[in-house]
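This report is meant for someone looking at the structure below for the first time. Please keep the sequence and the 3D view at hand while reading.

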Amino acid sequence: MPSVRNFTVLPALPDSLQELDTVARNLFWAWNPQFVELFKRIDPNLWAGCGHNPMKLLGSVSQTRLQALARNESFLNELEQARETLRSYLEAPTWYDRVCPQTSKPAVAYFSAEFGLHECLPIYSGGLGILAGDHLKSASDLGVPLVGVGLMYQKGYFRQYLNIDGWQQEAYVENDAFNMPIELVRTESGRPLTINVEYPGRSVQAQIWAVSVGRIKLYLLDTNIAPNSSADRMITSSLYGGDRELRIRQEILLGIGGLKALLAMGISPTVCHMNEGHAAFMALERIRQLRSEKNMTFDEAVEATRSGNVFTVHTLVKAGLDEFEVELMDKYFGHYFPHLGVNRRQFLSLGRMLPDDENEPFKMPVLAIRLSGYINGVSKLHGEISRGVWGTLWPGIPEKEVPIVSITNGIHMKTWLADEMGGLFHRYLGPTWSESVFDKSVWDPVEQIPDEELWSVHQRCKERLIVFARKRLMAQMQRRGRCHGELRQAEEVLDPEALTIGFARRFASYKRGDLLLKDAKRLAKLLNNTDRPVQIIFAGKAHPKDTGGKEIIRRIVRFASDESVRRRIVFLEDYDIDVARFLVRGVDVWLNNPIRPMEASGTSGMKAAVNGVLNMSTLDGWWPEGYVPDGGWVIGDGEEYVDSEYRDMVEAQSIYSILENEVVPLFYNRSSDNLPRTWIQKMKTTIKWVAPRFNTHRMLADYTRQFYNPAAARYRYLTAEAMARAKAFSRWKSEIRQAWPEFAVKDVEVNVSTGEDGEQLNPRHPQLKVGSELNVRARVKLGRVRPEEVSVQLYYGPTDSWGNIQEGSPVPMSYEQTVNGDGEHWFTGTMQCKTTGQHGVAVRVLPNHPDQANPYDLGLILWEKS
């Protein structure tokens, strides 16, 4: 190989245009239309040809054009306005400053395997990355003190194209990092800052790229540098590509390397947030560093770091759960776990549902759960399902008390809202609407928007979508070598006046992208109705190894190529953020039909809803919270089926029926001025309901109040005074675990107060009236543990036919007296009978300490035995 000397060539901007570089390097422009218009003005065709990448645009535009712009007073004025807007934004007081003024600001590090900020930075694949990108944007808008940590992939996710048979093909395009809105982090001497991560038998170096996202930074690690071997340079080759060995290398870099990178830049996070399990190795590195620096035991370091760890669980689909075989864990962590102060069995048990099962793979979500003090699902339903899936990690804890809460996902409003729709909101909601998007009262004036204005804006978005779809379809056909006659047909597809349904998402089998094709004749009849036609636009990618998902795409494409429906149904290749923007703004109905309860949240429907698009979905993910009868439609009644064929048949029939009897008639029911006024009212209802509840500003506020600030406070508290509290807390936990086998509920006395006269009864099977009270005394053996170190509770609720308490509630019991010198104590409590029916009550004991994140973090509970 020849010796190559590398150097970087930067755009030669005239002095008066230097601020273009500043503006282009901060992705604040990605959610502010006036900045995009500024870049378009430089050269509209080149802007599109550069993939909406301002850095590439500035490096590609001719010097002649730059010189002309440097003399253009109008352009210079627009540039000055953009620079001033960015400066004012960066310096303005924020929501966090206002709401948390007394709080010592935490340093929150948000780890994610992918970030979807804009199509010009293709390091995302789907919903997880889009959520992460929106998370950063809202953190910036609200002033939450947060940094992002991810990987800089050489090729990102694959580019999708279909062959003539409709089968998905994958192409990987090299990212040109030096022509992207990112910059290398450098040392004071100007050299790129690098960190070292240990792999079996070698040390791998990684450089760090910084992305400015408004007020905050996203740091991306990159191993594609000369000191590394060719194999190690490929660690950051592509997102979700390669085999399990590449995946574990990437996740070591993300978790362990990511934390090292922050510390190398002088950033010491108080809170570390893992977005899905990919980054869970970070929690191990946090423990290792604390042990090394503070001379702590493993258990002590766990208590300190767990208090500042947050974990958001997403997928519950087995194929999406990250797990590694024991052989891989031995290979990559055999040298590592001794530094944690644990043996091999203890280490592997951290990632197992059954700690002693030697055949169980190492599960990343389990590792993250065990080492996090704060855990959440991403919708109310998903939280419930997650408590069921992971509940066995807390043996004996009733499912509804499993400490996994719900913080429902949202979207970054300004990123996904059509410019014209934003203009309507500005006019009728007020110029500061975007600063208070999660204030429900802000959205009341939506009712005041004139029907004709709202419909006119929606129709313009739809027309733009159809122009975009036709161009995209023509490009697809040209690539496949179609003849001129067929290319002309691309100009005829889709009708701006027809009811348009959008279906765009990852083509995983459980999302059932082809459910609409279940009865092809019935669907064709809907599509080809002369007076009330329906048309459908599909888009989405299947994972390269998901042949089932690819087959779904092929079925859709084959159906769409039939002469009888080809004008009414299209599949747009290479779904990305750009395609998504057109779709969620321009369709009339957003269709979503996953198999319940497999969808964690699903945010595409939220993006559509804030643009006035009506959702039709199964009751899965966010839709049980997002659905209101006057704002969309429900497929089925939330049933779950054993027979998958029967389920698909029933729910496909439900879709056809809703379309034929409700959606289509409502859309085409026009007033004398040709406005679908009842439809428009549903648009207003869905905007009013969805916009304030399902945005990432509300989501970040929830994370800040429920997780970030409490976690930061606990972390500071436990790590203060040379870690004295963390060490004491760990010691207390150890003592409780040792004493726990001695605990027993020795005796329970139940007395029933049946009325104002205070008559006391103690029947074996009492029949009580509403309003009666149960007075319970329990004698509990605690051995050497003090009464204040436990929480003795009554647990009561309705019982099932087996006598088990369902949906129970705890009532605290109070310490009454010590019985004898054997560590036995009486506790008393009272509960009121509020509803009729068969009920049950039991006594239980839990550990109790003021430093616990929740009552269950020891995983210990003692129930009264019959």
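## Basis of the model

This is a predicted model, in which local features need pLDDT of at least 70 and side-chain atom pairs count only at pLDDT 80 or more, while totals for chains, interfaces and linings use all residues. Residues are numbered from 1 along each chain as its sequence is written, and side-chain values use heavy atoms, with hydrogens and water left out.

Helices (H or I, at least four residues) and strands (E, at least two) are DSSP runs, numbered from the N terminus.

Strand E7 covers residues 202-213, and nine of its twelve residues are buried, so it is largely enclosed by the rest of the structure. Buried means under 20% relative accessible area, exposed over 50%, and partly exposed in between (1.4 Å probe, protein chains only). Two strands count as paired if DSSP finds at least two bridges between them.

E7 pairs with strand E6 (residues 194-199) in the antiparallel sense over six bridges; in one of these, Tyr199 has Arg202 of E7 as its bridge partner. The two strands form a hairpin with two residues between them, and Gly201 in the turn has a positive phi of about 75°. Seven bridges join E7 to strand E8 (residues 216-222), again with the strands antiparallel. The hairpin of E7 and E8 also has two residues between the strands, and Gly214 takes a positive phi near 65° there. Ala210 has Tyr219 as its bridge partner in E8, and Ala210 is also the bridge partner in E7 of Glu183. Strand E5 (residues 183-184) pairs with E7 over two bridges, in the antiparallel sense.

## An open sheet of four strands

Four strands form an open sheet with antiparallel pairing, in the order E25-E24-E28-E29. Strand E25 (809-812) and strand E29 (862-863) are the edge strands, each pairing on one side only. Strand E24 (residues 790-798) and strand E28 (residues 839-847) run antiparallel and are joined by nine bridges. Tyr795 has Ala842 of E28 as its bridge partner.

## Helices H19 and H23

The axes of helix H19 (residues 451-479) and helix H23 (residues 577-586) come within 8 Å and cross at roughly 140°. The axes are lines fitted to C-alpha atoms, for helices over the stretch in contact, and angles run from 0 to 180 degrees between N-to-C directions. H19 and H23 are therefore oblique to each other; angles under 35 degrees count as roughly parallel, over 145 as roughly antiparallel, 65 to 115 as roughly perpendicular and the rest as oblique.

The contact (heavy atoms within 4.5 Å) involves residues including His458, Leu465 and Phe468 of H19 and Val579, Phe582 and Leu583 of H23.

## Individual residues

Thr312 lies in strand E10 (residues 309-312) and is buried, with a relative accessible area of 1%. Among the residues that Thr312 touches, not counting those up to four places away in sequence, are His273, Asn376 and Tyr703.

Most residues other than glycine have a negative phi, and most peptide bonds are trans. His52, in the loop between helix H3 (44-49) and helix H4 (54-60), has a positive phi of about 60°. Tyr240, in the loop between helix H9 (230-233) and helix H10 (244-264), has a positive phi near 55°. His52 is buried at 17% relative accessibility, and Tyr240 is buried with a relative accessible area of 14%. A cis peptide bond, with omega about 5°, joins Arg596 and Pro597. Pro597 is in the loop between strand E18 (589-592) and helix H24 (604-610).
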